[in-house]
Amino acid sequence: MFLHDRCRKLRDFQAGDAVMWLRAVDRSLLLQGWQDVAFINPANVVFVYMLVRELVDGEETKEAELQAAVLTCLYLSYSYMGNEISYPLKPFLVEDSKDKFWDRCLLIVNRLSSNMLRINAEPGFFTEIFTELKACGMNSNANAGGNLPCGAA
């Protein structure tokens, strides 16, 4: 719901699209044997959200652009929170340019590495991010059209 509310320029984008992107990568990595259990769980979704809310500014004009940003955040979440030392890049790539992908990775790491460490070290910070994310869904559900702002930290 956060992405649907933030990305108003994408007329055909539905909140379920982002869920599908995340689950498709998770399923792919499970089937390929890169992991034994699903990565997508509440704690990891909070981590992904923390990255996405900083990278996605709502100025995206193409769904593919949004998908690339979300999957970059997911890749870094797997890299930071996942059980493996490394993951294959292919399930996370939806564009031709690996350079764009790695540039986004560096942007996120440079901008958010302290928060990436902090979310695991400080339970209060995790709770703050979790509460903010939970409010996104509640605002959208209670507001039928989702007109209340979400993710304003």
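## Starting with contacts

Two residues are in contact when heavy atoms lie within 4.5 Å of each other. Leaving aside neighbours within four places in sequence, Met50 is in contact with Leu112, Asn115, Met116, Ile119, Phe125 and Ile129.

This is a predicted model, where local features need pLDDT of at least 70 and side-chain atom pairs count only at pLDDT 80 or more, while totals for chains, interfaces and linings use all residues. Residues are numbered from 1 along each chain as its sequence is written, and side-chain values use heavy atoms, with hydrogens and water left out.

## The nonpolar core

A nonpolar core is a set of buried Ala, Val, Leu, Ile, Met, Phe, Trp, Tyr and Cys residues joined through side-chain atoms within 4.5 Å. Here, buried means under 20% relative accessible area, exposed means over 50%, and partly exposed is in between (1.4 Å probe, protein chains only).

The largest such core has 41 residues, and Met50 is among those with the most contacts inside it, along with Leu3, Met50's neighbour in the list Leu51, Leu66, Leu74, Tyr78 and Phe92. Helices H1 (2–6), H2 (15–31), H3 (42–55), H4, H5 and H6 (123–142) each supply at least two residues of this core, and H4 gives the largest share, nine residues. Helices (H or I, at least four residues) are DSSP runs, numbered from the N terminus; strands (E) need at least two.

Helix H5 spans residues 98–121 and has a kink of about 70° centred on Leu112. The bend at a residue is the angle between axes fitted to the seven residues ending there and the seven starting there. Leu112 is also one of the buried residues of H5, which include Phe101, Arg104, Cys105 and Ile108.

Thr72 lies in helix H4 (residues 63–81) and counts as buried, at 0% relative accessibility.

## Aromatic rings

Rings of Phe, Tyr and Trp (its six-membered ring) pair if their centres lie within 6.5 Å; planes under 30 degrees apart count as stacked, over 60 as edge-to-face and the rest as tilted. That rule gives 11 aromatic pairs. Tyr75 and Phe101 have ring centres 5.2 Å apart and planes at 70°, so they are edge-to-face. Because Tyr75 belongs to helix H4 and Phe101 to helix H5, this pair ties together parts 26 residues apart in sequence.
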